[in-house]
Amino acid sequence: KHADAAAGRGRVASWSGSKVHERLMARIHAAASRSGLAPERLEAVQDLMREAVYRVGLGSDSWGGKKRTSIRSLFKLYDDDDTGVLDVRELARAVRHDMMLGPDVVTYAEIEGLLSALDLDGSGTVGVNELANFISITPGAIRKITYRLAAASYDLGGADLASLFHRFDKDSNGTISAQEFLHVCRKGARIDAQFLPDEEVRSLFRLLDEDGSGVVELSELLSFLNAETQAIGK
């Protein structure tokens, strides 16, 4: 059942046709070509693993005196030799033991495929940070972020997304940083980290920040969010 639901969500990427979705799907297709899995199935496995972490409340670490769920922290628990990378045995233990995803939901071959998708140097391992980044942002995650931001803007007196973000562009320079984006989600939209983890927000920002400058044009961000919001409503 979990697998069927995730496979259905795997087609979210075709909704908006935005450049962000194009980049995300290009990344998924490239990874799938290395994994031996169909792109739709690799995407479904991403969603299943991400949702399992947050559903069960795994990998929590302390932040600001509070506990938060972290995909990265979970994978670090299984890095037995503290090298910053996982082999297939360590990854399988995380999937089976803590995520509680049995072989009827995610097969061992699919776990091997996920590792192969990200093992660019052929070492038989994958970096903890790279794996966490790959899993934390999927079309399903984008949909959730967009939906919650749109809902929050309406809850705040019917303001549109542009009004919500412009309130936090203090220097009026037309760009937004990762920290400002997170600040909008937490302070402006009042979305708690329990419902929208920092990892997902930051992963989406990295996807938007194509040139790695650390800032995103506000107009580009709003164009993307509005396109996603309209797609969700169709």
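Reply: The chain exposes about 11100 Å², and carbon and sulfur atoms supply 51% of that area. Accessible areas are calculated by the Shrake-Rupley method with a 1.4 Å probe, and for residues only the protein chains shown count as cover. This is a predicted model, in which local features need pLDDT of at least 70 and side-chain atom pairs count only at pLDDT 80 or more, whereas totals for chains, interfaces and linings use all residues. Residues are numbered from 1 along each chain as its sequence is written, and side-chain values use heavy atoms, with hydrogens and water left out.

Me: What average pLDDT does the chain have?

Reply: The term pLDDT denotes the predictor's confidence in each residue, from 0 to 100. The chain averages 79, and 81% of the residues score at least 70. Over residues 1-15 the pLDDT is below 50, and this stretch has 23 contacts in the model beyond near neighbours in sequence; contact means heavy atoms within 4.5 Å. Residues 59-66 also have pLDDT under 50, with 17 contacts beyond four places in sequence.

Me: How many helices and strands does the chain have, and what percentage of its residues count as buried?

Reply: Helices (H or I, at least four residues) and strands (E, at least two) are DSSP runs, numbered from the N terminus. The chain has twelve helices and six strands. A residue is buried under 20% relative accessible area, exposed over 50% and partly exposed in between (1.4 Å probe, protein chains only). Of the 234 residues, 49% count as buried. Among contacts between residues at least 6 apart in sequence, 63% join residues at least 24 apart.

Me: At what angle do the axes of α7 and α11 cross?

Reply: Axes are lines fitted to C-alpha atoms, for helices over the stretch in contact, and angles run from 0 to 180 degrees between N-to-C directions. Angles under 35 degrees count as roughly parallel, over 145 as roughly antiparallel, 65 to 115 as roughly perpendicular and the rest as oblique. The axes of α7 (residues 128-136) and α11 (residues 198-208) come within 9 Å and cross at roughly 90 degrees; the two helices are therefore roughly perpendicular to each other.

Me: Which residues of α7 and α11 meet?

Reply: On the α7 side, Ala132, Asn133 and Ser136 meet Glu199, Glu200, Ser203 and Arg206 of α11. By class, this contact has one nonpolar, three polar and three charged residues. Ala, Val, Leu, Ile, Met, Phe, Trp, Tyr, Cys and Pro count as nonpolar, Asp, Glu, Lys and Arg as charged, and the others, Gly among them, as polar.

Me: Is α11 mostly covered or mostly open?

Reply: Helix α11 is mostly covered, with nine of its eleven residues buried. Among them are Glu199, Glu200 and Ser203.

Me: Where does Asp82 lie, and is Asp82 buried or exposed?

Reply: Asp82 belongs to the loop between α4 (71-77) and β3 (85-87), and at 67% relative accessibility Asp82 is exposed. Its phi is near 55 degrees, a positive value in a residue other than glycine. Met100, in the loop between α5 (88-98) and α6 (108-118), has a positive phi of about 60 degrees although it is not a glycine. Met100 is exposed at 53% relative accessibility.
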